[in-house]
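Please look at the sequence and the structure together as I speak.

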Amino acid sequence: MKIGVKGVNALIILFLLSCSKDDGIVANSANEPDIDITLIGEDSERVYQYNYDSLKDTEVQSDLTQELGLGSSYLTLRQEGNVLSFYIFASGNFSLIQKNVETGASSLEANFYVENDERNILWGTNDQENIYLGFFEPQGSSNFSVLTIDISSGMQTELLIEDNIQTSYQPIYHQGRLMLTYRDNADNYKVAVVDTTTNTLEARLEFGALVPNIFIDALGDVVILKSNRGENYSYTIYDTGTFEPGSEVDFSLTRYFDPGSLTARLIGQKLFYYSRYAQPAEVLFGPASFDLNTNIETLVDMERIVNEVENQNGNSIQLISQGIDEKSESYLVGYANLNNSNMLNGGMLIVSFEGELIKNIELPFVPTYFLTQE
């Protein structure tokens, strides 16, 4: 039984990549913006935190396995503000390790839930007071509910979302709300919005055959895109306080995104995101943007950048993880080296919104998650 999908690309395990180079920063000719990044990564045995601040010219690497007792077999990672939550499953029990990356404070919620024959756990997420588990009940059914567990008391409360659905996608927790994307048995896409303060279903957004994609903008509001499987797009911004929708804006992007959470930013009249390359190709994905005024999509030449990095590093690389840093107007891409099968290592690429490689930072592990700056 697993909670959702871990941020580590399965290709890491397949290739068992290596740690054959010294740590180091390879600078490029592009002017580097002021950038402050925190990321999580791992090698074959350990989990790491890495902080890079270009203004202070500092790099700090922490061994979270040594610090927190966290193994690389954790199930999934969630973020709320400065707090990271790592979910663990062992010996029939779910546990939660948390760390505040700003203060360094950490905590362990050991064995907060015991596996049983009544429920099939789908995913987990949390805030500071509660843990939320999506589940099917009874086992073998597809009746979709959320179990809320009070961290301090252990009290459990159930909330039925919908009977007999097909698929539940990964949840988004944001400012007291759970946004749950799923597909019902009639192939209709829906987003259930749960008010976690009252444990009630605040809204059920119905999209029919249109695929919804969700991300949070710089103001903390919720942006939901919808499309006819990658065509005829529109977006709506929902107020973070009231969840009242703004006006719907149509645009002519042709690009398919999987349902649910999306790595994207809406800045002015431009949408920044990642596109998947048609396979076979030298890379799996790359940064892209869409101008809402001109209806023009711009794809970063990621194959060129990968070739440049491979020449610098002397290694073939595989792109693994992705992030967007709005403050520095940069795409963040984590990669793994492929040339040695004994250990795992890789690095981080900082790519400008204009598509130029700003910096290649080599690391003795593979970046798997970039913290979202709010």
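Let me begin with a question: in which loop does proline 280 lie? Proline 280 is located in the loop between E24 and strand E25, the latter covering residues 285-291. Please keep in mind that what we are viewing is a predicted model.

The bond from glutamine 279 to proline 280 is cis, with omega near 5 degrees. For context, most peptide bonds are trans, and most residues other than glycine have a negative phi.

Asparagine 164 has a phi near 55 degrees, which is positive, and the residue is not a glycine. Its loop lies between E12 and strand E13 (165-168). Arginine 229 is classed as exposed because its relative accessible area is 53%, and the cut-off for exposed is over 50%.

Let us now step back to the whole protein. The protein contains three helices and 31 strands. Its C-alpha trace spans about 55 × 50 × 40 Å along the principal axes.

Of the 374 residues, 54% count as buried. The accessible surface comes to about 16400 Å², and 45% of this surface belongs to carbon and sulfur atoms. As for charge, there are 21 positive and 53 negative side chains, and the centres of the two sets lie 3 Å apart. Turning to contacts with a separation of 6 or more, 43% are accounted for by residues 24 or more positions apart.

I come next to the interior. In soluble globular proteins, nonpolar side chains tend to be buried together. The largest nonpolar core here has 19 residues, and those with the most contacts inside it are Met302, Ile305, Leu319, Tyr331 and Leu349. Two or more residues come from each of strand E24 (270-276), helix H3 (302-313), strand E27 (317-325), strand E28 (330-337) and strand E29 (346-352). Helix H3 gives the most to this core, with four residues.

Which residues does leucine 349 touch, leaving aside those up to four places away in sequence? Among them are Met302, Ile305, Val309, Leu319, Tyr331 and Leu357, and the list also includes Lys359 and Asn360.

Finally, let us consider glutamine 156, which lies in strand E12 (residues 156-162). With a relative accessible area of 39%, glutamine 156 is partly exposed. Not counting residues up to four places away in sequence, glutamine 156 touches Tyr113, Arg119, Leu147, Thr148 and Ile149. Its C-alpha atom is separated by 16 Å from that of alanine 110, a residue 46 residues apart from it along the chain.

That concludes my presentation. Thank you for your attention.

Notes: Residues are numbered from 1 along each chain as its sequence is written. This is a predicted model: local features need pLDDT of at least 70, side-chain atom pairs count only at pLDDT 80 or more; totals for chains, interfaces and linings use all residues. Side-chain values use heavy atoms; hydrogens and water are left out. Buried means under 20% relative accessible area, exposed over 50%, partly exposed in between (1.4 Å probe, protein chains only). Contact means heavy atoms within 4.5 Å. Accessible areas come from the Shrake-Rupley method with a 1.4 Å probe; for residues, only the protein chains shown count as cover. Lys and Arg count as positive and Asp and Glu as negative; His and the chain ends are not counted. The place of a charge is taken as NZ of Lys, CZ of Arg, CG of Asp or CD of Glu. A nonpolar core is a set of buried Ala, Val, Leu, Ile, Met, Phe, Trp, Tyr and Cys residues joined through side-chain atoms within 4.5 Å.
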